[in-house]
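This report describes the architecture of the structure shown below.

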Amino acid sequence: MSEVGFVFSLSQLWHVAGGQVILILAGLALIFVDIWLSARHKSSEGTIMGWFTVFALMATLGHLVFREWPLHDIVFMGVFSAEKFSVFVSCIVLMSGILAALMSIGYLRNNSLVRGEYFILLIFAVYGTIALVQSVDLLMMFIALEVMSLAVYILAAFLKGDQKSQEGALKYFLLGSFGSAFFLFGLALLFGLTGTVNLTILAKTLSAGIFEQPGVLVALGMIMAGLFFKMALVPFHMWTPDVYEGSPAVITGFMATAVKAGAFGVFVKLLFVTFTPILSLSGQPEFFTTVNLAALGAYWKPVLWWLALLTMFFGNLIAVSQENVKRMLAYSSVAHAGYMALGILAANAEGRMGVLFYLFSYTLMNLGAFGVLYILDGKERGAQTLEDYRGLGFKYPTLSFLMSLFLVAMAGLPPTAGFIGKFYVFSAAIKEGYLLLAALGVLTSVIGAYYYLRVIYMMYMKDAVREIVPGPVAAPTVIALIITALGVIYFGILPEGLARIASIAQQSLAFVF
Amino acid sequence: MHAPLLTYVTFLPLLGVLGILAVPQRSDAAKDVIRGIALVTSLLVFVASLRIYFGFDSSVPGFQFVENHPWIPSYGISYHMGLDGLSFWLVLLTTFLTPITILSTWSAITHRVKEFQISMLVLEMAMLGTFVSLDLFLFYVFWEIMLIPMYLIIGVWGGPRRIYAAIKFFLYTAVGSLLMLVCIIGLVYFHKQETGILTFNLLSLYGTGIPRTYEILFFAAFALAFAIKVPMFPLHTWLPDAHVEAPTAGSVILAGILLKMGTYGFLRFAMPLFPEGSAFFTPTIIVLSVIGIIYGALVAMVQPDIKKLVAYSSVSHLGYCMLGLYVLSRQGVEGSILQMINHGISTGALFLLVGVVYERRHTRLIEEYGGIARVMPIYATIFLVVTLSSIGFPTTNGFIGEFLILLGAFKVNKVAAVIAATGVILGAVYMLWMVQRVFYGEITNPKNKLLKDLNVREVVYLLPLVFLIFWIGLFPNFFLKKMHTSVDHFISQVKIGTPYLAMKPDKEPNVLRASANGLFPKE
C-alpha cells in the first residue's frame, strides 16, 4: 500500500503523539525523582510525587487538547493516529488519571502507604490506555493493552499484606491474561486471513469480500471476547467485584473509569473502522461494499443485544444484595457498562456520541464516589459496609451530600450528568428501534435506583450503630471532589457543549486515515 | 416581551434554599430563622404567582406567559414554559398550599429543620416546574426531581415504617416514569420520521401520526406513569403507606399537589398526545375509576387510623377526577379540574387537622379519641366544615366538583355515573362516622380531657382553607370561567377520531352549562 510509506520523523512524532511522549518522559523522570525524594524528603514524598504526576498528566492533557485535537493524522510508521475520537477518549482517560492522582495523595497518606512506584505505575497505566486508544495497528493495540494491564495489575495489588487486595490482583492477572490471549488470537487470525495489521487496510481487505468467511467471524468473536473482558460485560465480568473490592479505593475508581474508557474506545474504533466502516478513506465513498460489511452487524448485533441486557440486568440485580458499598459500586460499574453497550449497539452517530458522553460523565461521578468512599473509610476497609454508613448524613453533611449527589447521578436522576448520559444512549437505541431493549434497560435502572438510594437512606434515615472515624481530608482530594461535583451538575444542566464536542469526536471515525 | 414570570415563580424557592444554607442550625432561634426564611420565600412565591393571576387572560385558548429558549438544541430540547387554563389553578394551588404547609411544620418538625425546609422548597420548585413545562424533556426533568425531596421528607421525618414507605413511593413512581421516558423518546422519533424535525416541544408533538399499535403502547406507558401517581385503583397501594408514614407536611403536599400531577399528566400529556390510545383505554379507565371510587370509600370506612382513612378517601376522590376527565365534556373536565383543586384544599386541610391532634396526643387511632368537641370547640368546627366539603355538601367546594363530574358522566355512561354517585353516599358514611366517633359523645379517654384547642398559628393556616372551601362552593364560576377556553380546546384535541365518544355527540353543551350557571349564581 502506497500510503504506508511513513518516514520516521521526530518532529512529526512530537506533533502527533506528543502526549504519549510527555507521559513516557514523565514516567521515567518520576523514577529518578522518587529515588531522590526517598533519600532526602521522605515525609513529603507522596505529595511531591502526586503533584508531579498531576502536572505531567495536565501537560499531556494540554497537548492533546490544543495540539492533537485539530489533527487528523497518523504517526510512527502507521501505528498511532491522532484523530478526534481517540483524543476525546484519551482526554477522558487523562481526566480520570488526574482526578485519581489528586485523590491518591490523600489516600496514600491515610493508609500510610506512601511508596513512589504508585504514581509511576499510575502514569504508565494512563500511558498504556492512551496508547491503546490511539493505536491503529493491531499489534500495537495488543502491546498497549498489556502495558495498561500490567500497570493496573500491580496497582490492584498495592495494598501489600491485605489478603483481598492480593486475591483480587491475582484473579485480575490470571483472568486478564486469559482475556488478552483471546484478543491476541483474534488478532493473529485476522492477520493470517488478511496479511495486514492496519485497521483501515483491514477494512478494505475485509470489505472486498472475505468478511463472511467463518475465520473472520471467529476472529471478530475472539476480539470481542477479549475486549468485553476489559469492559466487564456479563458474562465476562466475573473478575470485577473481587478486583474492585480488593484494590485500593482510588485505583478502583481509576480502573472503573479509565480502563473502561480505554476498552470502550478501542472497541468502538475497531467495530466502526474495521468491521463496519461508517464512511471511507478521507470522506470519499471508496468502500462500495460497505453495505456488505455492515451485514456483519447481523452477527454481532444480536450478541451485543443480549450482552447489554444481561449486563444491565445482572449488574444491577447482584448489586442489590451487596453489603459492602465498594463491592456494590463494582457491580454497578458492570451495569453501567451495559448501558454504554446499548449505545454501541445502536451503531448510529447518537449512540457513539452517547457512549462518549456517558464515559465522560461516568468518570466524574464514579471517581467522585470513590473519593468520598475512601475518606469515609478512614483506613482501607475501615468503614465500607452499608451498616457503617448509617447515620452519617447529619454527622458529615458535606461528604454525605457529595456521596448522595454521585449516587443520584449514577442512578440516572436529573438534574445530573448521569441522567443526560442515560438519556443519550437510550434515545440512540430507541432511534434504531430497540424499544423493547430500552424499556427493559430502564426497568433495570429502577433496580439500580433502589440500591443507590439504599446508601442514601442508610446515611440519612438510620441512626448510627457504631462510631465511624473518617480520615483527614487532604486538600488535593477537595479539589478533585469539587471538580467532580461541579462537573456532574454542570453537565446535567448544560450538556450541549460536551455533547457537541463528543459528536464531533465520533464523526472523525468516519474519516479514519 | 414581558418579564419571565414563570421562571421567577418556579425558581424563586431556590433563592430561599440559598438563604437557608447560610444559616447554621445550632440553636432554637436559628431554627426559627430557618423556618422564617422558608415561610417568607414561599409567601413571596405566592405573591409572585398572584401576578400570574392578574395577568392571565382567560379568553385566550393558547398558552400564556410563554418562555421558549433553546436548551439542548441538537436534540430539539428547549426551556419551554407556559400556562393555560388547565394548569392555571394548579399552579396557584401549589403556591397557595406551600406556605400553609410550611407554617404547619413550625412545631411538628423540630429536628433537622434546615434539611426539611430545603426539601420543601426544592419540592415546590419541582412541582411548579412540572405544571408549567411545555417541553417533554423539561417536564420529565422536573417530574423526576420531585421524587428525591419527597423521598427524603417521607424517609427522614416520617413515622415508624417510613423507610419502607419512602422506598415504595420511590420505586412505584420511578418504574412508571422511566417507561414513560422511553415512550417520550419513541414519540419524538416518530415525529421526526414524519416531519424531519427532532423536537421535544409538546405543542409540536401534539397530533403526531403514530401507528395505532404504538399509540396504544405509548399511551399505556404514559398512563401507567400517571395512574401510579393519581393513584388509580390497582396501583394505589403505595399511597396509604406513604400518607400514613409521611409527616403532616409531606402528606399535605402529597395529597394536595403530587397526586394532581397524575391527573394533570393525563390532561396535558397522555390524552392529547395519544387520542387514539386514550380512546382505546377509555372503558378500562372508566371502570377502574369507578372501582377506585367505591373501593377507596369502602376501605376508608373500616380504617382505625384517621390518617389512613383520609388516605383511602383520596383514592376515592381521585377516582372522580379520572372519571370526569374521561367524560370528555366541558362539565366533566372542568369538574375534574375543580375537583383536583377541591381535593387539594379539603384533603390537605384534613391532613393538617389530623396533624394537629397527632402533635398533641401522638396517636391517630379513632378509638383513642371520642367527645373531643367539648375540649376543642374551634378545632371541631373547622374539622366539621372540612369534612362537609370532603363529602360534597352543597355550598362547599366538594359539591360543585362532584356534581359537575356526575352530570357529565351521566350523559356518557349512565351506569358509571350511578355507581359513582353511590360513592358520594359512602363518602358521607365514612367521614361522618369518623367525625362522630372522634368528636361527639362523652370524653371516654381521660388523656383527652386536657387537650388544648387550636392556637393562633394553627387557626391562621387553617382559615384560608376554610375560606376557599366556601368561596369555591358559593362562587364556582369565578374559578370555572378561567378554564372554559382551554378545556374546550383540550376536548377538541382529544375527541378527534374517538369513535367511542363520537357515537354520542355533545348535543346541547350550552343548555347544561346554563343550568349549572343557574344553580350557582355568578359572583
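## Helices H16 and H18 of chain A

In this predicted model, H16(A) and H18(A) are roughly antiparallel to each other, because their packing angle of about 170 degrees falls in the range over 145 degrees that counts as such. Helix H16 covers residues 397-411 of chain A and helix H18 covers residues 435-461, and their axes are 9 Å apart.

On the H16(A) side, the contact consists of A:Ser400, A:Met403, A:Ser404, A:Leu407, A:Val408, A:Met410 and A:Ala411. H18(A) meets these residues with A:Gly448, A:Ala449, A:Tyr452, A:Leu453, A:Val455, A:Ile456 and A:Met459. Sorted by class, the contact of H16(A) with H18(A) has 11 nonpolar and three polar residues, and no charged ones.

A:Gly226 is part of helix H8 of chain A, which runs over residues 214-231. There are 26 other C-beta atoms within 10 Å of A:Gly226; the residue is therefore buried, since 20 or more are required for that class.

With residues up to four places away in sequence left out, A:Gly226 touches A:Gly179, A:Ser180, A:Phe182, A:Phe183 and A:Gly186. A:Val93 is 133 residues from A:Gly226 in sequence, and the two C-alpha atoms are 20 Å apart in space.

## Chain A as a whole

Chain A contains 20 helices and two strands. For its 513 residues, a compact globule would have a radius of gyration near 24 Å, and the value of 22 Å for chain A agrees with this. The C-alpha trace of chain A extends about 70 × 55 × 40 Å along its principal axes.

Of the 513 residues of chain A, 63% count as buried. Among contacts in chain A with a separation of 6 or more, 81% involve residues 24 or more positions apart.

## Two helix pairs in chain B

In chain B, helix H11 (residues 248-273) and helix H20 (residues 484-495) have axes that come within 8 Å and cross at roughly 30 degrees. H11(B) and H20(B) are therefore roughly parallel to each other, as angles under 35 degrees count as roughly parallel. The crossing of H11(B) past H20(B) is left-handed. B:Leu267, B:Met271 and B:Pro272 of H11(B) meet B:Phe490, B:Gln493 and B:Val494 of H20(B). This contact comprises five nonpolar residues and one polar residue, with no charged residues.

The second pair is formed by helix H15 (residues 377-390) and helix H18 (residues 456-474) of chain B, which pack at an angle of about 35 degrees with their axes 10 Å apart. H15(B) also passes H18(B) in a left-handed crossing. H15(B) contributes B:Ile378, B:Ile382, B:Val385, B:Val386 and B:Ser389, while H18(B) contributes B:Val459, B:Leu462, B:Val466 and B:Ile469. Eight of the residues in the contact of H15(B) with H18(B) are nonpolar, one is polar and none is charged.

## The surroundings of B:Ser251

B:Ser251 belongs to helix H11 of chain B. It counts as buried because 29 C-beta neighbours lie inside 10 Å. Apart from neighbours within four places in sequence, B:Ser251 is in contact with B:His243, B:Ala246, B:Lys307 and B:Phe351. The C-alpha atoms of B:Ser251 and B:Gly155 are separated by 12 Å, and these two residues are 96 residues apart along the chain.

## Chain B as a whole

The secondary structure of chain B comprises 22 helices and two strands. A compact globule of 523 residues would have a radius of gyration near 24 Å, with which the 22 Å of chain B agrees. Along its principal axes, the C-alpha trace of chain B spans about 70 × 55 × 45 Å.

In chain B, 60% of the 523 residues count as buried. Of the contacts in chain B between residues at least 6 apart in sequence, 80% join residues at least 24 apart.

## Contact between the two chains

Across the interface, 26 residues of chain B are in contact with 27 residues of chain A. On the side of chain B that touches chain A, helix H5 (136-145), helix H6 (147-157) and helix H7 (162-195) each supply at least two residues. H7(B) gives the most to this side, with 15 residues. The side of chain B that touches chain A has 20 nonpolar, three polar and three charged residues.

Note on methods:
Residues are numbered from 1 along each chain as its sequence is written. Chains are lettered from A and ligands numbered from 1 in the order in which they are written. This is a predicted model: local features need pLDDT of at least 70, side-chain atom pairs count only at pLDDT 80 or more; totals for chains, interfaces and linings use all residues. Helices (H or I, at least four residues) and strands (E, at least two) are DSSP runs, numbered from the N terminus. The radius of gyration is taken over C-alpha atoms; the globule rule is 2.2 Å times the number of residues to the power 0.38. A residue is buried if 20 or more other C-beta atoms lie within 10 Å of its own, exposed if 12 or fewer, and partly exposed in between; C-beta atoms are placed from the backbone. Two residues are in contact if their C-beta atoms, placed from the backbone, lie within 7 Å. Axes are lines fitted to C-alpha atoms, for helices over the stretch in contact, and angles run from 0 to 180 degrees between N-to-C directions. Angles under 35 degrees count as roughly parallel, over 145 as roughly antiparallel, 65 to 115 as roughly perpendicular and the rest as oblique. A crossing is left-handed if the near helix is turned anticlockwise from the far one by less than a right angle, and right-handed if clockwise. Ala, Val, Leu, Ile, Met, Phe, Trp, Tyr, Cys and Pro count as nonpolar, Asp, Glu, Lys and Arg as charged, and the others, Gly among them, as polar.
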